[in-house]
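Dear colleague,

Please find below the sequence and structure that I am handing over to you. My notes on what was found follow directly after.

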Amino acid sequence: MADAMVLKAQKWVNSTYKGRSGYNACPENGRTGWSTMFSLTRALQIELGLDTLSDSFGPNTLGLVMKRGGIKTSENNKNIVKIVQSAFFCKGYHAGDVDGAFSIPTQQASGKMQADMGLPVQTSAIPPKVVKGLLTMDAYIVVPGGTEKVRSIQQWLNKKYWGNGTYYLVPCDGIFSRDVQKALMKAIQYEIGVGEANATGNFGPATQAGLKQHPLKQGDSGVFVQLLSAAAVFNGPAWYATTSGEDAKREASFTSSYDDGLASYLRAFQEFSALPKTGNADYQTWAQLLVSMGDPDRRATACDTRFTITKSRAAALKKAGYECVGRYLDEEPGGTLDKPIKPGELNDIFAAGMRCFPIFQYGARKLGDFSYGSGYQHGLKAHERAKHYGFNRGTTIYFAVDYDATDEEITSNILQYFHGVRSALASQGGHYVPGVYGSRNVCGRVTGEAYVRWAFVSGMSWGFSGNLGFPLPKAWAFNQIKEFRFENGSDVFDLDRVVHREGADFGVDSVNDRGTPTDGFISYIENLYGLAKAYGKGDPNLLVMDFVRHEKYNDTTWRTLLGSADQGFIDHVRSKKVELRRSFIDSFTGTELGAEHLFATMCGHYKIAQPGGNLTNRGDVAGWGGDLMTFYGEWRRDSDKHPDGRAYCKARLAKPDVLTSFGYSDLIEDADGYLIAKAVKGGKNIVDAFRAHYVDGGNLTRFKRYYSERFHGSNKGVVDVAYNMLAQQDDSVIIAGITYLINSTGGFPTIAPGALAYSKLEAFLLGFADRLQAHVGAEGGQRAAYTMRHGDPRKVTK
C-alpha cells in the first residue's frame, strides 16, 4: 500500500539529484525499500562532498558524518535535513514534513528511533551510527516472526557496545540474523580482551582461546553470563526426548545470573547438539552456541568422503572411532572425481563393523541446478542407483545443496527441487526416504516445508549466510564439522568429520534385506490379532484397536466418546507377556508415528460410520476433529500476536519442525487411522489393512485419498466439514469435548468457535484446508502442475 509521505520523499530525492554523477533514481511508488534507501544514501554522499558514490553507507560516509558531530538539530544544510526526514518516513517514523526544518516532529522521530534501538536518546543531534542505521531497511520494532525476547537482547547489545569503534547498530526486530550473530561475537571479543582492530566478529584463534579461559557454571553471574544466555536465546528451542519418548523443548531467557533455568536449557541444548550433558558452559558448549561447526575437534562418530573405502581404510576408520561413513551413489555425467561406491565396498564397510549413509549429488553448486524437473530426475536416478547397490527399503538418501543458497533461492527453487525428489521416489514405490544436505537454513526449511525427514548439515561451512543466524534444525541427523587429511599409514585421503545425533538416522549396516521399517510393528499387530481371535469374544479387529489405545485413550472422556476398551482382552494380552508398543516408523516418510493416537483414531472411524454431506460425529473427534479443537485453543491463546488464523495455521499446523497439539505426525495418524479403518470396514482384517497401507504403498497417497474421501476433495469441503465440527454441533458429548479441549490449550475461558465472528473462524478453517492441501500437493500435485507447464519431468534434461 502506497504511503503519501514516502512518495513525497521519493519525488523529492529524484527531482533534486537526478542527473548528478553517480546518483541512481528510486521508484516513485510510495513504498519503502532498499532502492529508496540507496538513493537517499547517495544523496547524502553528494551533500557530504564525496566524489565516488555508493549504495553502501561505508567508512568514508560514516567518517564525514562523524566529523560533523552527527546530524545536529542546528544543521543549516536543508537538503541533509530533508534526506534525514525522508529516511524517517521510509522507516515508519513521522518526521513532520520533508521541508528541511529540524522541527519538533523530526526531533521526536529521532528520539523515538534511538529509544527503539535501545540507545540513550541524544536530543541535540542524530549520532553518526544512528544516521547509518537510519539509511537501512533494518527495523527497530518487532516484525512478524520476531520476539520481544530477542529484541531486548538486540537493544542491550546496542546500548552496551555502540561506543566501540568496530560495533555497528543491529536491528531490533526480534529476529536472530547474520548481523546480530556477528554483533554478539564482537561483544564477546570486546569482553575477552581482543583488541578493537581485531574484533571482526569472526570465530578466530584469539576468540577461541579467550572462550577457553571463560567456562561458566551454575551460580556464576555477570556480563559473560549475559552473553551466554543471549547466545542461548538466539539458538531457539533446545529439543529433547521425554521419558515417554515424545518431543519436548526448552527455551532460554536473557539473564545475568546462571540459574536453574539456564542450566536446564543448556542440558537440553547439549543433548540436542550431541555434546556431553553437563549443564555447564565449557568451551565446546560456547562454540556450539556461536558457530555452526562448533568445536571442529570434538568427538565425531561419523564421516563422509568421495574416496573409496577399502578394507584397510574401513578398519582404520573404525579404529579411529568412526562408526558410519557417507558415500556417493553416483557422479554427475562428465565428472572426474570417481566418487561412486565401488563393487564390494559396502561389504568391506560392513565387515569392519561400520555403517553407511548414501549421498546423491549432481552439480548442486548453483541455483540453476535446482528445479522441480531436476529434482524429479535426480530422485529417479538416486532410486535406480540405490536399488543397484541393494540399499534396503526405508534407507535415507541425502540430496545435496552444496552452495550458500539464500532464503529467496530456497523459496524459488530449492523447495521445488525437493518436491520433485519426493514425487520421483514415490513414483517408484516409496522405497527410499529423502534427506537433505546443506546449510542450517536450507536443512531447516526443506525438512519443515518439503517434509523431508532427515538433515545432513554442512556445519563446517560456518561462513555461509545460511549458517550464520540460524539454529540447528530440529530434524538434523548429521553435522559436518571439519575437513582434514586422514592418515592410514602411507595411505592419506580427504575426510570430513561428522557428528551424529543419537536416535536419528544412522545409515545402514547391511544391504539386500527384503523387509521394511514397518515390518516389526506389523508382526506385532499380527500377534495381537492372533490373540484376539483366540480370545473368542468380540470383533478381533476392534480388540486390537482397544489394546493399543487403552493406556492413553481409555479414560472417562474417551469411554464416553468411544466406549470402554475390552478389559478382558487387555488382561488376556498381558497374561501372555505382550508389552504395549507405542510407536513405529512409517516406511515411506521415515516419520515416527504414535501407535496409540493412530489406533484411537482408527477405533473412532471404525466404530462410528461416517455421516453424509458435511456432517461430523464422534468418530471424527477421535481423530482430526479433536486435534483441530486443541489447535484452535492454541490459536486463541496466541491471537493477540497472531490474529490471522489462516497465517497461524500456515506457520504452525502439521509442520514437522514445530511443536504443537496438531503436529505433522498427528495429521499422518489422522489420515492413516481413517483410511485403515475404512479398509477394515470394507472387509480386510487389520493385519492385511496395515500391510496394504504401509508396505504395499497405500501411504504414498494417504493425504490425497483422505482429502478426497473425508473432505470431498476441495478446500470448501474441508471448511464446511470443519465448520460443522466446531460450530454446528447438536451432540452434547461433542459440545462438552469442544469446551474441554479448547480450554486445555487456550486457557479458561476460551471463546467458543461458534461465538467467534464467522470471518475470523473461516480464516482459521481455510488455514486448516491450506495445510491439508499442501500435503496433498507434496504427494504429487507439484508434478501435475509441472507437467502442465513443462511436460513430463521424467523427460526433462538439465
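In which helix is the place of K319? K319 belongs to helix α13, which covers residues 311-319. Please keep in mind that the model is a predicted one. K319 has a relative accessibility of 78%; because the cut-off for an exposed residue is over 50%, K319 counts as exposed. Along the chain, K319 and A352 are 33 residues apart, and their C-alpha atoms are separated by 9.4 Å.

A second residue to look at is H605. Helix α22, formed by residues 595-607, contains H605. Is H605 buried or exposed? The relative accessible area of H605 is 9%, and buried means under 20%, so H605 is buried. If neighbours within four places in sequence are left aside, the residues in contact with H605 are G619, D620, G673, Y674, A677 and K681.

Next, please turn to the strands. Eight of them close into a barrel, and their order is β5-β6-β7-β8-β9-β10-β11-β12. The pairing in this barrel is mixed, and from one strand to the next the twist averages 30°.

Within the barrel order you will find β7 and β8. Strand β7 spans residues 355-360 and strand β8 spans residues 396-400. These two strands run parallel and are joined by two bridges. F360 stands opposite F399, a residue of β8. Helix α15, made of residues 372-389, lies across both β7 and β8. The helix runs at about 135° to β8.

With kind regards

Definitions and conventions. Residues are numbered from 1 along each chain as its sequence is written. This is a predicted model: local features need pLDDT of at least 70, side-chain atom pairs count only at pLDDT 80 or more; totals for chains, interfaces and linings use all residues. Side-chain values use heavy atoms; hydrogens and water are left out. Helices (H or I, at least four residues) and strands (E, at least two) are DSSP runs, numbered from the N terminus. Buried means under 20% relative accessible area, exposed over 50%, partly exposed in between (1.4 Å probe, protein chains only). Contact means heavy atoms within 4.5 Å. Two strands pair if DSSP finds at least two bridges between them. Axes are lines fitted to C-alpha atoms, for helices over the stretch in contact, and angles run from 0 to 180 degrees between N-to-C directions.
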